[in-house]
Amino acid sequence: MAELRRQRDLTQSELAAAIGRTASWVSQVERGIQPVNRLDVLRLLADGLGVPLHVLQPEAPSAEASQGGAAEETTPNDLDQARLVISGHSALDVILDPREDFRADLLPELRDEVERLWRLTHGDQFAELSEALGPLLPRLERAVRTASEELRPELHRLLARTYQALAAAFVRQNEADVAWLAADRAIRAAELAGDRLGVFVGVFRLVHAFVRLQRLDQAEHAAATALNTLARHAEAESTAEEELSVVGSLHLALALVYARAGERPAAREQINKARTVAARIGGERNDFNLEFGPTNVEVQAVSAAVDLGDAGEALDIARDLDTSALSVERQARLLMDLGRAHVQRRQFGDALAHLLHAEAIAPDLVRSHIAARSAIRELMLMAGRSASPELRGLAERSDAMG
C-alpha cells in the first residue's frame, strides 16, 4: 500500500482525505498495525490508490462474483482492529492454565492507559484508540483473572471503563452490534467490581447501542427500567453528584429514544427532567465519562429537537450556548445538529458552514454519523450540478454522493 501511494505521489494525508479516513489510520495500515480484512475497506483503498482490488488482495472475489446480493451501505471507520480484539475471548490461555501472578505495581500503568483510552474516545481519535486497545484489553482480561483477591475489584472497574469507552466509540462509528457487546461486557465487569453506579452506566451505553440498531423498544425498556430503579435513590438531598450525573444521563438517553420515535411530549418531558437534575448539580461534570451538566443537557435538547423536526426550536436553544468547555465530540455534535437544523429550514449556506466546521474538529464523527451523512446527501440533491467544491468535497469524504 505504501509503495502504491508513493508511486502516485500521494502523501498519507492526501490518501486519507480521498478515502474518508484519517492520516493516522493510513499510517497504521502501512506499518502493519491496523489490519484490513473487510472487503469494503479493501475496495475503498483500491479506489483511492487507483488500482484493481486484486492488486491489494489477490484472493479477493471479482467484482462480478461480489454482485450477487444487494450491497450494504458501509461507513468508513478506524475501529477495525478494535473490532477484532473484542471478538472472542482475550484470555483463553488463563482459562486453560489458571494462575495468580499479576504484579500490583502495574496498576498505575493500567489506570493511565484507561484514562488515555477515554481521552481518545472523547477526542474522536478512533484510529489511535484502536491501536491502544490492542495490547490493553488482553492485559486487563488477564489481570482480572491472575490478580490477588484484593486487587480484582479495581481491575474489574478498569475493565468496565474500557468496555464503556469501546461502546461509546463503536456507537459513534455506527458499529452498533459491537457496541452492544461492549456495553454488555461493561455491565458484567462493573457488577464484578461491586461498582453499582457503573452497572447503570453500562446500561446507558447499551441504550445508545439499541438506538443505533433502531431497536427502540429495547432501548426504552433498558433506560426506563434503570431510571425507575435509580431515580428513587436520587430524590434525597444528600444524593452524591456522581449519582445525579448518571440519573440525568439516563433521562437524556430516554429523551433520545422518544425523539427518534417521534414522541414529542415524552421527549420533552425527559429533557426537562434532565434539566432539573442538572440544576441540582449546578455545573458541568464528567463522572463515568458521561459529560453531564446544564450545557450538556441543552446540547442534547438541540439534538432531540432536530430529530423531531423542530429546527426553529433547536436553533433557539443553541443561540447563546457556549460549548467551549466541553469535549471535542460534544462541540462537533452540536455543530452537526445545527447543520441538520439549517438543512430542515433550507438555509443551505449555514448548513454547509456548520457541517464543515464539525468535520474540521471531529472528522470521524461527521463522516460516519448516519444523520450527518443524510443531511450532506440532501444538500447535494438540492444543489444538483451547482454544488460548490466545498460541498462536493464534504460529500465525497463522507460517502454521501449518492
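**A close look at threonine 121**

A: The side chain of threonine 121 sits 2.9 Å from the backbone oxygen of leucine 117, a polar contact (N or O atoms within 3.5 Å, one able to donate a hydrogen and the other to accept it; residues adjacent in sequence count only if both atoms are side-chain atoms). Bear in mind that this is a predicted model, with local features needing pLDDT of at least 70 and side-chain atom pairs pLDDT 80 or more, while totals for chains, interfaces and linings use all residues. Numbering runs from 1 along each chain, and side-chain values use heavy atoms, without hydrogens or water.

Threonine 121 belongs to helix H8, residues 107-122 (helices are DSSP runs of H or I, at least four residues, numbered from the N terminus). Its relative accessibility is 0%, so threonine 121 is buried (under 20%; exposed is over 50%, partly exposed in between, with a 1.4 Å probe and protein chains only). Setting aside neighbours within four places in sequence, threonine 121 contacts Phe126, Leu129, Ala165, Ala168, Ala169 and Arg172 (heavy atoms within 4.5 Å).

Elsewhere, there's one aromatic pair. Tryptophan 180 is in helix H11 (residues 176-193) and phenylalanine 210 in helix H12 (residues 196-212), so the pair ties together parts 30 residues apart in sequence. Tryptophan 180 is partly exposed at 31%, whereas phenylalanine 210 is buried at 6%.

Terms used:
Rings of Phe, Tyr and Trp (its six-membered ring) pair if their centres lie within 6.5 Å; planes under 30 degrees apart count as stacked, over 60 as edge-to-face and the rest as tilted. Helices (H or I, at least four residues) and strands (E, at least two) are DSSP runs, numbered from the N terminus.
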